[in-house]
Amino acid sequence: MDMHDPYRAPAPSPVPPPLLPAATRSFEVSTAAVYYSPSSMKIAALSMASMGLYPMYWFWQNWRAIKRETGGTQWPWARALFSPLWSFLCFSDLRDVAQSRRRQLAFAPAVLGVLFFVLNLAGRLPNGAALIAIFGFVPLLPVNSLLRQYHHDEKVDMQRMDRFGVWHILLTLAGGAVLLLAVLGYAMGDVD
């Protein structure tokens, strides 16, 4: 008769299955620097819906990454706030990062910086001409595309950056409605 012995060692558990080799796992962790590079659609939609404020967020995220990678002393929030003035240096720094992977920027950082500066100044134009400023995100697209290629080469997962969350969708809907009303208001004002 076998009595329960509380002092007996427990029976051995079944052997766990062996771990799969690293090459067959479904994920790989990248040690590459992660810069902010959402999809072009996300940049365009959120920039127009936020009336040009989203590029400031793009610059803030990338200045934070540059500071983290270089160990610099810059203030990312200040450089993002004054992004029309600092865009030249940001574009140049991001170009240098991608050149380490033999990727080239299609346009000179100075040209993109001037275009970004001019499009930001366009918001001060009278009447409907100020609507040109909503296209201030366009100079970001070549640099963002370069960063996406860099992330692809480094096998960085970009799904989180590309995803539209609830707040993104709400901002896009609300900002899109306001933008549509502004365009209609300028169009109707010219009818008189």
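Reader: Before we start, what does "contact" mean here?
Author: Contact means heavy atoms within 4.5 Å. Keep in mind that this is a predicted model.

Reader: Okay. So what is Arg79 in contact with, leaving aside its neighbours within four places in sequence?
Author: With those neighbours set aside, Arg79 is in contact with Trp63, Gln74, Trp86 and Leu89. Arg79 itself lies in helix H3.

Reader: Is Arg79 buried or exposed?
Author: Arg79 is buried, yet has no salt bridge. The nearest side chain of opposite charge is Asp93, 5.5 Å away.

Reader: Switching to the core: which residues touch the most other members of the largest nonpolar one?
Author: That core has 28 residues, and Tyr35, Trp58, Phe59, Phe91, Leu94 and Val143 touch the most other members. Helices H1 (40-49), H2 (54-70), H4, H5 and H6 (140-153) each give two or more residues to this core. The largest share, 6 residues, comes from H2.

Reader: And what does Trp58 contact, beyond four places in sequence?
Author: Trp58 is in contact with Tyr36, Pro38, Ile43, Phe91, Leu94, Leu140, Val143, Asn144 and Leu147.

Reader: Where is Phe117 found?
Author: Phe117 is in helix H5.

Reader: Why does Phe117 count as partly exposed?
Author: Because its relative accessible area is 31%, and partly exposed runs between under 20% for buried and over 50% for exposed.

Definitions and conventions: Residues numbered from 1 in each chain as written. Predicted model: local features only at pLDDT ≥ 70, side-chain atom pairs only at ≥ 80, totals over all residues. Heavy atoms only, no water. Helix = DSSP H or I, 4+ residues; strand = E, 2+ residues; numbered from the N terminus. Buried < 20%, exposed > 50% of the residue type's maximum accessible area, 1.4 Å probe, protein only. Lys, Arg positive; Asp, Glu negative; His and termini not counted. Salt bridge = Lys/Arg side-chain N within 4 Å of Asp/Glu carboxyl O. Core = buried A, V, L, I, M, F, W, Y, C linked by side-chain atoms within 4.5 Å.
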